[in-house]
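This report is written for a reader meeting the structure for the first time. It begins with the individual chains and then turns to the place where they meet.

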Amino acid sequence: MERIWSMLADPNMQWIFLGCTLLGLSSGVIGCFSYLRKQSLMGDTLAHAALPGICIAFMLTGIKSIGLFLIGAGIAGIIATFGIGYITRNSKLKQDAAMGIVLSAFFGLGIVLLTLIQHGSYGNQAGLDKFLFGQAASMIASDVITMTIVCISLITICTLLFKQFKIISFDPGFARGLGYPVAFLEQLLMLLIVVAVVAGIQAVGVVLVAALLITPAVSARYWTDRLGLMVVLSGLFGAVSGAIGTWISASVSNLPTGPVTVLAATLLFVVSILFGPQRGLVAKRLLRKSVKQRYQRENELQLEGSIKKEAAL
Amino acid sequence: MIQTPAPVKSRKTAVAPLSIKNLSVAYQKKPVLRNVSFEVNEGELIGVIGPNGAGKSTLMKAALGLIPSIGGEVLVYGKPYKQQRKVIGYVPQRESVDWDFPTNALDVVLMGRYGHLGWFRRPGAKDKALALECLAKVGMADYAGRQISQLSGGQQQRVFLARALAQDAKLYFMDEPFAGVDAATEKAIITLLQELKLQGKTVIVVHHDLATVQDYFDSVLLLNVEVQGFGPTEQTFTQQLLQHTYGGRLAFLDRSLQPPSRLDGKGE
């Protein structure tokens, strides 16, 4: 415990700790909806698509700022989703294949641009390559402030539009029948995912950031059958993962924060899939066992009863 | 006992609940619906019948504005459906959603109230009471708190019906509510349909079981891309029109086609 406090006494560390926790929180919340809409891989696609967007934003302006990167990544994300939509509509390819194509194409382009930037005459270039695997240590106060704003607005929107997000996740056809602007709401959700992804790229990196969207949401599903609680739990799991990730990487020298955060989230998932009530593997096994025992006991009782009856006769 | 309903014509209002003119829909190059026109009377149960791929579900979705049409007009009580959403209730096909969604039966029924709530308002105590009432009407009151994946197929269908009831609409669209349900659910649904009818509501049902058409519906729409026949069941549900609608695939119909008088004296 003392080590945590001593670590948190370092103001730099405080920022990183706060940043990673907020990141986990917002990814966990928005990830629930993308998981329930069976678009778990959309986060991954958007993350990979963000890389060329970020590179182009940097090449055009020469400035490294999350705000600018958000715009670049957002535009790239929109193009990627349109690309996926176009392919699925106009060919017999399914969405997973379309995502695979778009994801790798954008990522390839991103790596090419990244190499160009590194070998080009851009000043201030150090650090952009860190976007591949993330570097939480490079977070500064202004980044964390951006992240806080992102986190607060994301949670506010999800709270206000909870009803809408729930119904378009469960039954978009019915939602359309009610007159909800389903296409707009879907785009809004997509935009929120892009925002969460871009906010997380600096800390966790393009390759792993999708894990923060998927893993806490899937874990939360094991503990509850209520969407509201699931969203809260997922946010909590994400936040705890972020906190644990920062703590471990700060205590053990040279461990990268992002990957450790993802591993912490995965550990939570393993615990959830094993020990979740009702849905967990252990609970299922126990239930089956008790049902079997009860069945056998009842059978025995019945048998005894019929023997007694026969004896009485 | 349900008496044979009063003559439909007498109930006919000036404005039809649903009036469709020359509706055409195409997904690819080939039209799925071509120049579909019909007008339903208020307070009737209408069956939409036709072979697979005839465009029955498409007709429903296009009428609700869920998919774009390439031509035609849909009027609900004389106005474009976009202005009339609150009077329309919809029961989609059961397979269209993932029943493992983290929610319970009551919560799904409450979704029927969303159209009556503001953009940011959550359903309140009044909505909950109404939703419970709707669940009770389909015989599902005891299952309100049940996670929806733990319901049987028939129970899930009834939850969908309860949700449509909660919409408190005047015109209902039901996409194959009888598909794959047990006898108890079928009976619950038909009782409900009769009750809606008694309240003067209009219900349009995509239906597959030709054997029950004469028992259930006042009017039928025979559909196979184009309208093959539309009108009161006893005049429209005929061997000849059915042959026309289904092509040559109707061998079993001879048995199920019995005089419409079967309806008399047979009630729930």
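Predicted model: local features only at pLDDT ≥ 70, side-chain atom pairs only at ≥ 80, totals over all residues.

## Terms and basis

A residue counts as buried when its relative accessible area is under 20%, as exposed when that area is over 50%, and as partly exposed in between, with a 1.4 Å probe and protein chains only.

Residues are numbered from 1 along each chain as its sequence is written, chains are lettered from A and ligands numbered from 1 in the order in which they are written, and side-chain values use heavy atoms, with hydrogens and water left out.

## The two chains

Chain A has 13 helices and 0 strands, where helices (H or I, at least four residues) and strands (E, at least two) are DSSP runs numbered from the N terminus. Along the principal axes, the C-alpha atoms of chain A fill a box of roughly 105 × 60 × 35 Å. Of the 313 residues in chain A, 48% count as buried, and the accessible surface of this chain is about 15300 Å², with 69% belonging to carbon and sulfur atoms; such areas come from the Shrake-Rupley method with a 1.4 Å probe, and for residues only the protein chains shown count as cover.

Chain B contains 10 helices and 10 strands. Its accessible surface comes to about 12000 Å², and carbon and sulfur atoms hold 51% of that. Contact means heavy atoms within 4.5 Å, and among the contacts in chain B between residues at least 6 apart in sequence, 70% join residues at least 24 apart. In chain A, residues 24 or more positions apart account for 70% of the contacts with a separation of 6 or more.

## Where the chains meet

The size of an interface is often given as the accessible area lost when the parts come together. Here the buried area, meaning the accessible area (1.4 Å probe) that two parts lose on being put together, summed over both, is about 2600 Å² between chain B and chain A, and carbon and sulfur atoms give 61% of it. On the side of chain B, Phe101(B), Pro102(B) and Trp119(B) lose the most area to chain A, together 27% of what that side buries. In terms of contacts, 29 residues of chain B touch 29 residues of chain A.

Between the two chains there are 11 residue pairs in polar contact, both residues being at pLDDT 80 or more; a polar contact is a pair of N or O atoms within 3.5 Å, where within protein one must be able to donate a hydrogen and the other to accept it, and residues adjacent in sequence count only if both atoms are side-chain atoms. Helices α3 (105–110) and α5 (153–166) of chain B each supply at least two residues of the side that touches chain A.

## Salt bridges

A salt bridge is a side-chain nitrogen of Lys or Arg within 4 Å of a carboxyl oxygen of Asp or Glu. The structure holds 13 of them over all chains, and the rule finds 5 across the interface of chain B and chain A. Asp100(B) pairs with Arg221(A), their closest N and O atoms being 3.7 Å apart, and the side chain of Asp100(B) also meets that of Arg279(A) in a salt bridge (2.4 Å, N to O). This second pair crosses between chains, from the loop between β6 (88–91) and α3 of chain B to the loop between α12 and α13 of chain A. Asp100(B) counts as partly exposed at 31% relative accessibility, and Arg279(A) is partly exposed at 22%.

Within chain B, Lys197(B) forms a salt bridge with Asp218(B), the closest N and O atoms being 2.8 Å apart. Lys197(B) lies in helix α6 (residues 183–198) and Asp218(B) in the loop between α7 (213–216) and β9 (219–224), so the pair ties together parts that are 21 residues apart in sequence. Lys197(B) is buried, with a relative accessible area of 8%, and Asp218(B) is buried at 15%.

## A buried threonine

Thr103(B) is found in the loop between β6 and α3 of chain B, and at 2% relative accessibility it counts as buried. Leaving aside neighbours within four places in sequence, Thr103(B) is in contact with Asp225(A), Val108(B), Arg146(B), Gln147(B) and Ile148(B).
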